[in-house]
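Hi,

Here is the structure we talked about. Have a look at it first, then read my notes below.

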Amino acid sequence: MIVVSRQVEAFIREFFDQNPLSQLGLVTLKDGVAHCLTDLGGSPESHVQALMGKLTSSGDASLQNGLDLVQSLLNQIPTYGHREVLILYSALSTCDPGDIMETIQKCKASKIRCSVIGLSAELYICKYLCQETGGTYAIALDEYHLKELVIEHAPPPPAIAEFAIANLIKMGFPQRAAEGVISICSCHKEAKVGGGYTCPRCKARVCELPTECQICGLTLVSSPHLARSYHHLFPITPFDDVTPSVSNDPRNLPRNCFGCQQSLVNPGNMPASCVCCPKCKQYFCLDCDIYIHESLHNCPGCESFRQSKSIGCE
């Protein structure tokens with residue numbers, strides 16, 4: 001359980017780093033009952049604190065009770081949001097009070113994507129659940145493999161055009177509260193000194209962002225949260241591998257990577273492996289290709305071209 005709790009904590013932090021505007025909840029299955037450890041919320045620290053010291057195992061696991069509980073929690077998610085369930089399952093069976101096949105079909109009808117990471121042997125019911133709901137099923141071989149499987153679920157899945165309905169969402173950008181001012185926190189229901197944020201609609205105090213105002217219900221975020229979510233909506237186009245015919249002609253290949261300025265020529269004046277942006281036609285080394293797509297989420301060549309174009313217009 002220590003290994004599982006460590007990986008779940010890492011997943012929670014990575015999930016909110018990749019999806020700062022999303023919400024997450026924790027549910028445990030033990031003694032044939034599904035327990036809601038934390039409600040849906042956007043605070044990683046509250047989930048981590050609830051997880052520490054409370055993750056224990058006992059009795060039989062009921063997959064059906066767990067699916068019924070998460071379905072009731074996720075049905076309140078609006079149509080423009082993703083409904084996902086990631087199950088870490090170590091039991092070799094499921095002890096259910098009813099027909100679990102009906103529950104799986106209900107999850108499918110509610111468009112809840114269920115994925116399972118098995119901590120023991122493969123189970124048919126888990127594989128069937130993932131196949132019906134469009135999720136993935138994998139068995140962890142060791143701690144390192146478990147970490148890889150869990151972190152793979154942190155980035156959001158691609159939106160399906162059939163279900164991705166555009167909606168306008170009201171959001172507020174609260175200001176940082178003045179230091180030394182005593183105010184009642186709406187999320188903890190107690191007086192606190194300084195810090196926190198002030199809701200722009202009802203002037204209530206909240207401790208952290210993103211969150212939903214407990215008084216007026218307005219979604220409160222900061223501009224960095226929106227910026228970090230933007231690249232998932234408009235991902236950067238994959239770069240094209242440079243073909244050998246182009247690489248063999250030195251005139252068609254710059255000698256330096258556009259990103260890091262490292263040489264694209266190996267000893268012996270032989271061209272090294274590189275990629276090319278299909279939009280700006282700039283060449284990058286493989287290390288920059290990975291960094292741009294996994295961390296930067298912006299092409300330096302396209303951004304420099306856009307900046308020089310705007311300066312030219314002025």
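Below is what turned up, starting with a sheet and ending with a pocket.

First, some ground rules: this is a predicted model, where local features need pLDDT of at least 70 and side-chain atom pairs count only at pLDDT 80 or more, while totals for chains, interfaces and linings use all residues. Residues are numbered from 1 along each chain as its sequence is written, and side-chain values use heavy atoms, with hydrogens and water left out.

Now the sheet. It is open, with 3 strands in the order S3-S4-S5 and parallel pairing (strands are DSSP runs of E, at least two residues, and helices are runs of H or I, at least four, both numbered from the N terminus; two strands pair if DSSP finds at least two bridges between them). S3 (84–89) and S5 (137–139) are at the edges with a single partner strand each, so one side of each has no neighbour in the sheet. S4 (residues 113–118) and S5 pair over 3 bridges, and Val-116 sits opposite Tyr-137 in S5.

Helix H5 (residues 124–133) packs on this sheet and touches S3, S4 and S5 (contact means heavy atoms within 4.5 Å).

Helix H10 gives the most, with 3 residues.

Cheers

Key:
Axes fitted to C-alpha atoms, helices over the stretch in contact; angles between N-to-C directions.
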